Amino acid sequence: MKRNLLLTIILLFSMGLFAQTQKGYSIGVSLKPFKNTFVYLGYYYGPKKGLADSVKLDANGKGVISGKEPLPGGIYFLVSPHKEILFDILIDKQQHFSVSADSAALPESVVFTGSTDNSVFQKYTNYANTVGESMGKANESLAKAASKEDTLAIRKELRQYGEQLEKFRDSMMRQYPNSIMAALFYAMKDPEVPPASQHPGGKYDTAYRSEEHT
C-alpha cells in the first residue's frame, strides 16, 4: 500500500495549517482499561514514526495531551502503554477536542467530540474495516479456488469491493472538499491514464508531429 508516501504528502501539504482561534492544542483522552499509566501521541513521517507528546492517565483512565504551540497538520496516532498503535487521529485546524475509546473494541469504540475531521474520518475507518473484512474473506477463497471460473468470479468480487471504497471516498471528498481528509483521499487516487491517442508515439502525437513538418 502507498501509505507511507501518502502520509508524507499529507503532512507536507498540511504544514502551516494551524488553529487560528485557539492557542496550542488540547486533546482530551479517555481510554479503557488503562489507569495511572502513560499513553503517547505519535506521528507518521514517510516510513518513519516519531513521538509528539504523551500524558499520564489518571485512575479513571483520563488525561489531556496539550501544548502551547499548535501541532503541524497531519496524521497522528495514539499509542498504548504497551507501545501498540491503537488508532489514527487527524490533526489540522481543529486542535482542541477529545477522544474516548475502549482498547478491547477498536475501532468501533472510538468516539471523537469537538472534531468534525476525526468524526468523519472515523466513519470512513469503520466502513473501510467492514469492506476490508469482506476482502480478506474473498482473498482466502481466492487462494482455495478450484477452477478458472471461481478465480474470475472472486477477482470480480474483489474489484467491486475496491470500487465501493473508491465511491465512498469520492462522496466524502465532495462533502468535505477543504478537509485534510479530502487531501488524503485525493492522494490515494490512482493517476488517470490518458487515452492511447495521447501517448508519445500514439495517433495524437503522430498527427501533431506531422503538422509541425508541413
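So, the hairpin: S5 and S6 make one, with five residues between them, and Lys-83 in that turn has a positive phi of about 65°. Strands here are DSSP runs of E, at least two residues, numbered from the N terminus. Keep in mind that this is a predicted model, where local features need pLDDT of at least 70, side-chain atom pairs count only at pLDDT 80 or more, and totals for chains, interfaces and linings use all residues. Residues are numbered from 1 along each chain as its sequence is written, and side-chain values use heavy atoms, with hydrogens and water left out.

S5 and S6 pair antiparallel over six bridges; pairing means DSSP finds at least two bridges between two strands. Val-79 has Ile-85 in S6 as its bridge partner. S6 is mostly covered, too: six of its seven residues are buried, and buried means under 20% relative accessible area with a 1.4 Å probe, protein chains only.

What about S2, residues 38-45? That strand pairs with S5, residues 74-79, in the antiparallel sense over four bridges, and Leu-41 has Leu-78 in S5 as its bridge partner.

Put together, you get an open, antiparallel sheet of four strands, running S3-S2-S5-S6. S3 (48-56) and S6 (85-91) are the edges, each pairing on one side only.

Last stop, Phe-97, which sits in strand S7, residues 96-102. Is Phe-97 buried or exposed? Buried, at 5% relative accessible area. Beyond its neighbours within four places in sequence, its contacts (heavy atoms within 4.5 Å) include Ile-89, Leu-90 and Ile-91, plus Ile-27 and Phe-112. Ile-27 is 70 residues away along the chain, yet the two C-alpha atoms are separated by 5.2 Å.

Conventions. Buried means under 20% relative accessible area, exposed over 50%, partly exposed in between (1.4 Å probe, protein chains only).
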